[in-house]
Amino acid sequence: MSETQILLVDNGSYRPESTLNLRRIAAEVTTYSGHVITPISLLHSTKVDSGELNGTPAEICEPYLKKQYDQGIHDFVILPLFFGNSAAISEYLPQRILALQGKRPKLTVRIAPCMVDIADHTDTQVAEALAQLVRETISRNALVKPAVTLVDHGSPRIAVTKVRNYLANQLQTFLGDEASVVEASSMERRDGEEYTFNEPLLENILGTEGFDKDVVLSMLFISPGRHAGPGGDIESICAEAESKHTSLNTYKSELFATHTAIIPLLAQRLEQGFAASPIS
């Protein structure tokens, strides 16, 4: 495996905080696993000024693979920094790899599993970490049995929402009577009946019965960006809801990637990635 290059891949962001977080995680997984992990985004991050990235420009997956291949590296394992199989990982990335193989036939790419495996009911690592982050939020703000909503971005793929719901059910079990209620929600959804599986939206759940006083947002986001970061969409949704409902107070948990559990989890997924079948 010494000739295999390992890429920790996120979706990418126009915010520097996301790339810096990706780099931090890659460095920590490198130390933990003993394998060198290279942080790469799928899209977007090359738009960030390198001055905001400690002078090192971000790189994105497809041109990076081309460059490395042309320098003689043909074998790669992609470690997704994704909770579930979004279209980016299950469709876009394999399609781009297949297209690259048309001109670079020796290119071999394995994709490790995402962080949550809903087929394995013993897979509780993400939910346990989320529960601990909620408990820290409860303790920090001296809350008593707040309502909890596990909020994600929202997705056009039902497979991603199934991961959200799976984690919300686990979170409810782990928190027990520490929360008055636990319910999943999404930040946004596409228009059309075919995307109702994203419901309820965060903006619609806040202020409703049971979610009209102290509400902790369990943040199913990996990195701070324009959605989960300071001044982002989540903050705006909460501020607007609080202005409409005077009894409502919202509190955001820390993001999942701040929890130390992400490092051994990714190392475990990497080992599975070595054994995965190549994209072909």
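Buried means under 20% relative accessible area, exposed over 50%, and partly exposed in between, with a 1.4 Å probe and protein chains only. By that scale D70 is exposed because its relative accessible area is 54%, whereas R104, at 16%, counts as buried. The model is predicted, so local features need pLDDT of at least 70 and side-chain atom pairs count only at pLDDT 80 or more, while totals for chains, interfaces and linings use all residues. Residues are numbered from 1 along each chain as its sequence is written, and side-chain values use heavy atoms, with hydrogens and water left out.

The structure holds eleven salt bridges, a salt bridge being a side-chain nitrogen of Lys or Arg within 4 Å of a carboxyl oxygen of Asp or Glu. The table lists some of them.

| Salt bridge | N to O distance |
|---|---|
| D70 and R104 | 3.2 Å |
| D75 and R110 | 3.2 Å |
| E178 and R135 | 3.0 Å |

R110 is buried, with a relative accessible area of 19%; E178 is partly exposed at 31%, and R135 is partly exposed with a relative accessible area of 31%.

T124 is buried as well, at 17% relative accessible area. Its side chain makes a polar contact of 2.6 Å with that of E128, where a polar contact is a pair of N or O atoms within 3.5 Å, one of which, within protein, must be able to donate a hydrogen and the other to accept it, and residues adjacent in sequence count only if both atoms are side-chain atoms.
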